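Let's talk through the charged pairs in this one. Have a look at the model, then follow the questions below.

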Amino acid sequence: MLSSFSRLPRAVLPTFRQASGIGVVSMGLLLGLGHSIHAERSSERIEQAEKLASALQQDVNTDQKASPYSITPERRALLNTIRFAEGTWKDGHDLGYRTLYGGGQFEDLSKHPERVVVKRYVSAAAGAYQFLPTTWQEVSGRLDLPSFSPEHQDQAALHLVKRRGALNEVDQKGLTAEAMNSLAPEWASFPTHSGRSAYGQPVKSHAELASFYSKNLQTLRQGA
């Protein structure tokens, strides 16, 4: 079967073919340009979306680093009990977060004071949870904590609780004897299963700590 081109006069064919060629080329250029613009815009949109997602993810990661542990009533009661055991409870006031070993106070919460105090023992422990400088440096670096503020001290303490394997126990069952035994190597004022300190220092009893935890948790739940 002959094509439609074959039935046209020969004189017309070159002109038609030239015109058709120009049209095809022009259409191809336009289509190509359109695809190029569309691709470029799509690429820009994708790049913008990636930048936005990256920025949002960076914010999320920063928040998770600074505050990876949520503060439930059970966890707050545990933190308060640790403060009670360590002698930094101070009736619940933030004053405990500024306490040095031996009971003295410091003002600058931008960093660990790293101040050595000589009392019954020699120690540079400080803050509500009596962090040693080396412990604070390790934990604050891992959690990316920028200061020694009460909020960051709380986060560091919960990290130590988790590292000792007691966080799930407290979350699910409260401050049990098992949890106290797990925390005894971290805080000398907590009793082991035998009721003694892991370091031969003064220690609170299981009953005393369990009672404080229970009453504090009840108060927190009523105020929630």
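**Salt bridges, pair by pair**

Q: Is Glu138 in this predicted model buried, partly exposed or exposed?
A: The relative accessible area of Glu138 comes out at 30%. Buried would need under 20% and exposed over 50%, so Glu138 is partly exposed.

Q: Which residue forms a salt bridge with Glu138, with the closest N and O atoms 3.2 Å apart?
A: Look within helix H3, residues 133–143, where Glu138 has a residue sitting four residues away, about one turn of the helix. The salt bridge partner at 3.2 Å is Arg142.

Q: Which residue is linked with Glu138 and Arg142 in a network of salt bridges?
A: Glu138 and Arg142 already pair up with each other. The network they belong to also takes in Arg163.

Q: How far apart are the closest N and O atoms of Glu107 and Arg98?
A: Glu107 counts as exposed at 63% relative accessibility, while Arg98 is partly exposed at 24%. A salt bridge needs the nitrogen within 4 Å of the carboxyl oxygen. Glu107 and Arg98 do form one, and their closest N and O atoms are apart by 3.8 Å.

Q: Which residue's side chain meets Glu208 in a salt bridge?
A: Glu208 itself is partly exposed, at 35% relative accessible area. The N to O distance is 3.8 Å, and the partner is Lys204.

Q: How many salt bridges does the structure hold?
A: The pairs above are among them, including Glu208 with Lys204. For the whole structure, the count is eight.

Notes: Residues numbered from 1 in each chain as written. Predicted model: local features only at pLDDT ≥ 70, side-chain atom pairs only at ≥ 80, totals over all residues. Heavy atoms only, no water. Buried < 20%, exposed > 50% of the residue type's maximum accessible area, 1.4 Å probe, protein only. Helix = DSSP H or I, 4+ residues; strand = E, 2+ residues; numbered from the N terminus.
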